[in-house]
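Please look over the sequence and the structure first.

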Amino acid sequence: MTSPVTVSERDLRALLGIVGDHRSDLPPAGLPPSLLTDLRDQIRCDELQFLGQDTLRQTGWFAQCLAAGSDDAVDDPDDEQLYWELYWDSICCAYPDRTGDVRSVTTVSDFYSARQWHSTAMYSDAFRGIEHMLMLCLPGPGTGAKPGPGPDVRLVFLRGPGPDFSERDRALLALLRPHLHRAYLDAELRRHPVPPLTPRQTGLLHLVAAGHTNIQIARRLGITEGTVRAHLENIYQRLDVSSRTAAVTRAFPDRAA
């Protein structure tokens, strides 16, 4: 849903500087508030939200909310139960889960006219006064880049009455997406450092990441399939995960970017 828009070198340098800077104000979850503040100043909005949610479990694990004129990202006080009751009927909110498209940067106007948006239950019961929304999705921790319903992380810009978000705004976020994902992964890594693996475990996990089955790994390493399973169980325990995909994502976060 992106259009071919020329992004100025000045805009791009400013945004890359925002995500490239080392931030000391690391919160318990999400991105540093100073990063969100700088990002909001580049793409004007009335409110900026950065949140993690699991659409299968219908729950969120963090929500940062930054209002215009404020430098503090506070917990989002919105009614989460009402949001989830209306979620699947709201095309603009559920689009990534409905389609598996987690890369497009979307707006409300991609799906509704102003009149149609005002007639939705999401607008009338939860988003009243919010006329425009610009949304970018990132994979949630432990999910890799697999699309579909489940954990994801969302950066949402909200505006009231007035002009819609421009194609320049959309293009900037589309270009910035991998860098924002890297910034989020770095923040997660600082909060939860990866426990060290042995060289044997690291080598085995690289084979898992390359798509090899347990039997193929056993043949390559000259060990039994049972030994491969035992190594994997030890890796899961050390990384505090329960699956091959989660182990690869935890040990090699760059692969999820």
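Phe252 counts as buried, at 15% relative accessibility (buried means under 20% relative accessible area, exposed over 50%, partly exposed in between, with a 1.4 Å probe and protein chains only). This is a predicted model: local features need pLDDT of at least 70, side-chain atom pairs count only at pLDDT 80 or more, and totals for chains, interfaces and linings use all residues. Residues are numbered from 1 along each chain as its sequence is written, and side-chain values use heavy atoms, with hydrogens and water left out.

**Phe252**

- Phe252 sits in the segment after helix H11 (244-251). Helices here are DSSP runs (H or I, at least four residues), numbered from the N terminus.
- Phe252 touches Thr202, Leu205, His206 and Ala209, leaving aside residues up to four places away in sequence. Contact means heavy atoms within 4.5 Å.
- Phe252 and His206 are 46 residues apart along the chain, and their C-alpha atoms are separated by 8.9 Å.

**Asp97**

- Asp97 belongs to helix H4 (residues 91-99).
- Asp97 is buried, with a relative accessible area of 5%.
- The Asp97 side chain makes a polar contact with the side chain of Thr55 (3.1 Å). A polar contact is a pair of N or O atoms within 3.5 Å; within protein, one must be able to donate a hydrogen and the other to accept it, and residues adjacent in sequence count only if both atoms are side-chain atoms.

**H1 with H7**

- Helix H1 (residues 9-20) packs on helix H7 (residues 167-191) at an angle of about 25 degrees, with axes 10 Å apart. Axes are lines fitted to C-alpha atoms over the stretch in contact, and angles run from 0 to 180 degrees between N-to-C directions.
- That makes H1 roughly parallel to H7 (angles under 35 degrees; over 145 is roughly antiparallel, 65 to 115 roughly perpendicular, the rest oblique).
- On the H1 side, the contact is made by Asp11, Leu12, Leu15, Leu16 and Val19. H7 supplies Arg168, Leu172, Leu175, Leu176, His179, Leu180 and Ala183.
- By class, this contact of H1 with H7 has nine nonpolar, one polar and two charged residues. Ala, Val, Leu, Ile, Met, Phe, Trp, Tyr, Cys and Pro count as nonpolar, Asp, Glu, Lys and Arg as charged, and the others, Gly among them, as polar.

**H9 with H10**

- The axes of helix H9 (residues 214-221) and helix H10 (residues 225-239) come within 8 Å and cross at roughly 105 degrees.
- H9 and H10 are therefore roughly perpendicular to each other.
- Asn214, Ile215, Ile217 and Ala218 of H9 meet Glu225, Val228, Arg229 and Leu232 of H10.

Key:
Helices (H or I, at least four residues) and strands (E, at least two) are DSSP runs, numbered from the N terminus.
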